[in-house]
Amino acid sequence: MEGADLILNVDQPGKVLFAKTALDGHWRGPAVVVHVLRDAGFEVIYLGMATADEIAAAAVQEDVDLVGLNVGGSLAVVMRILDKLDVSAPDVGVMLGGTIQPQHRSALEVRGISTFPPGSMFSDIVEQARRLVEVRRGSKGDVTPA
Amino acid sequence: MSSEQADADRYFTASGIPLRGWYGPEDVPSPAREAGAGSPGVPPYVRGAYPGMYRTKPWRVFQLSGHGNPEDERERILFLLSQGETGFIMEHDRNTADHLYNVDHPEVVARREDVGQTGAVIQSVRDYETILDGIDMGHYYAHPGGAVVQHAPFALGCYWTVASRRGLDLSRLSGTGQSDFFLTYLGCIPKRQIPTEAGIRLNTDIIEFCGRYLPRWVPVSIAAYNAADTGLNAYQELAALFANAAVYLDEINRRTPESLTRLAYMVGGINLRVGMDFFEDICKMRAARKMWVELLRRRYGVADARAARLRIHIVTAGSALAYQQPLNNIARGTIMAMASVLGGTQSLGVATYDEAMSIPSEHAHQMSLRIQQIIHHETNIPAVADPLGGSHYVEALTAELETRAWEMFEEIESRGGFAAVLDEGWLHDLAAGNQLDLAEAVNRGDRKMVGVNAFVEDVTPWEMTGFEPVEGVWGKSMERLRLVRRERDGRAAATALRDLETACRGDANIMPAVMEAVAAQATLGEFGDVFSEVFGDWKVPISF
């Protein structure tokens, strides 16, 4: 069943917008994750340090399936981005990675956002990205369930 | 069994140097054997920078710290000093300091809740006065910020201005700048930044200015730590460090050759990273001291023993610490701190155990101090200089690192030198390749990280939270910014900024104009606007 779901998307695993939420230019983590996603077949647009408005606008304009955020600051800034995306691109999945304080993870999970702190395994990141793409395409009717 | 026979299983250092099963005298090249049999405190300094090492000069306990409002930064510094820190560091807010933005810049406003989370918000000399209130600047060695090249003139100018206002004699003031290229041109690239050529000019201006007025100051502490934590391996870190140093020395030599020996001494206060490859990083420190002697002698004909004495500050590797089971990081910090001491550091900051989740909590900061104090007072390690000197393994690895580092140094030269390998992204590619190799090795399980990909069960009875920074920092920073603008002599500030612009456009040293602008209460963002206007923007050489 699951295999059949994915058949349509073998050549197009998904389009990802990747951005940094903080005005902090460290790129070591994002570079690795972007590489891993591309290696898994995703098309990745790297936006770099971007504001909530910029991220939401790019998500719509590029018609991405998924937004990946590298975070490293306050939860409020992340929540503002999530709020914007809820309005502008409500069907787009979101994943978070970076220096996330453990007590903030539950607040994000309540909103259905999976978090990937340092040391997360590539396979878990790719699996979640595939799942979110699948959910979005399912909701848009791109995938006909077998 | 010979040492070669013991090589059947392949073992490597973190930088990929093959390791034998054991080492004998035949593995040590003869020059290295001689250097390893020498005394500490004399060239080539392989065995230590000072004759008495820690008996006469304990290493400086020197932790990165800072967050929130100036008052919060001050409070944490006072806490650390009360707990045995022996110098202090002022960390600045990344959102503002890296990019030279005031808090009313649209980029900052859009993320206002982040402000103060990574360092204190410092926008004028007034903020420095608040932080330094009650701190004895004449007594403590300080790093008042300015890790970022384009930020350093402002940061140093503010600190020196406060010192002058207190009646302190600048010629007796001690501390260190940083102005590090590896931070913002390699590892942490800001939204706006002056080109490398302008950065080299600013840094050389700072070196000259210190040579003239602040002889006890380390004007620019090349932080190869940042190169290594971005991904460069041990010998690449050494090569990049000395390629960078050579740029300053070349520029000094061009401007005022007669001051080269004196200023070379000032450039020889540097910063390296110690990670988890215990012996490789000890050997790296030993090799670094020898390479500095060689660089000065070979390239500049400087044989002065004082100039050739490299002084090292070590920061233990933040990237070696884990998010999972964070208390394990206390063990990692201890191992890295021991390596730093065995390698003969002059100064040490131990990355805190909550590094992977937040800026340091008070408790994590205290633990980093305690690690250093336990090594200092309980282990007897500091009693003897270079205790590993003469070990066949240590001498062989020191020599191998030096050989490989010189090879890469030559390669950087052949590629057009330090600025070129930054401008063209060559160092970035090297770092990115290493980062990926390491991350893939951890993912495959080839490289074990305890608590991350091995031994992952955790019975810690409480959840670690990291540090929750104070809230409302942006609003208070806006208020302070408004006050400065309202209360300063607007005409004097405008004139000082115009003079700064003229100085930047000319050839003379900009630091006198920087000091004037700081004294006239020009703000951080105004410095940024002048630099940006005159020097333009660096073209970032990496793309994703």
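## Chain A on its own

A residue counts as buried when its relative accessible area is under 20%. In this predicted model, buried residues make up 54% of the 146 residues of chain A. The accessible surface of chain A comes to about 6,300 Å², and carbon and sulfur atoms supply 54% of that area.

Chain A contains six helices and five strands. Read from the N terminus, its elements follow the order α-β-α-β-α-β-α-β-α-β-α. Among the contacts in chain A with a separation of 6 or more, 76% join residues 24 or more positions apart.

The size of an interface is often given as the accessible area lost when the parts come together. For chain A and chain B, the buried area is about 3,600 Å². Carbon and sulfur atoms give 57% of this buried area. In chain A, the residues that lose the most area to chain B are A:Leu23, A:Trp27 and A:Arg28. Together these three account for 26% of what the chain A side buries.

Counted by residues, 38 from chain A are in contact with 48 from chain B.

## Which parts of chain A take part

Several elements of chain A each supply at least two residues of the side that touches chain B: α2 (28–39), β2 (43–49), α4 (75–88), α5 (102–110) and α6 (122–140). Of these, α2(A) gives the most, with seven residues. By type, the residues on this side of chain A divide into 18 nonpolar, 14 polar and six charged.

## A loop residue in chain B

B:Ala14 lies in the loop between β1 (11–12) and β2 (18–19) of chain B. Is B:Ala14 buried or exposed? B:Ala14 counts as exposed because its relative accessibility is 52%, and the cut-off for exposed is over 50%.

Leaving out residues up to four places away in sequence, B:Ala14 touches B:Asp277 and B:Glu280. B:Ala14 and B:Gly275 are 261 residues apart in sequence, while their C-alpha atoms are 9.2 Å apart in space.

Key: Residues numbered from 1 in each chain as written. Chains lettered and ligands numbered in written order. Predicted model: local features only at pLDDT ≥ 70, side-chain atom pairs only at ≥ 80, totals over all residues. Heavy atoms only, no water. Contact = heavy atoms within 4.5 Å. Buried area = accessible area lost by both parts, 1.4 Å probe. Helix = DSSP H or I, 4+ residues; strand = E, 2+ residues; numbered from the N terminus. Nonpolar A, V, L, I, M, F, W, Y, C, P; charged D, E, K, R; others polar. Buried < 20%, exposed > 50% of the residue type's maximum accessible area, 1.4 Å probe, protein only. Areas by Shrake-Rupley, 256 points an atom, 1.4 Å probe, with all protein chains shown as cover.
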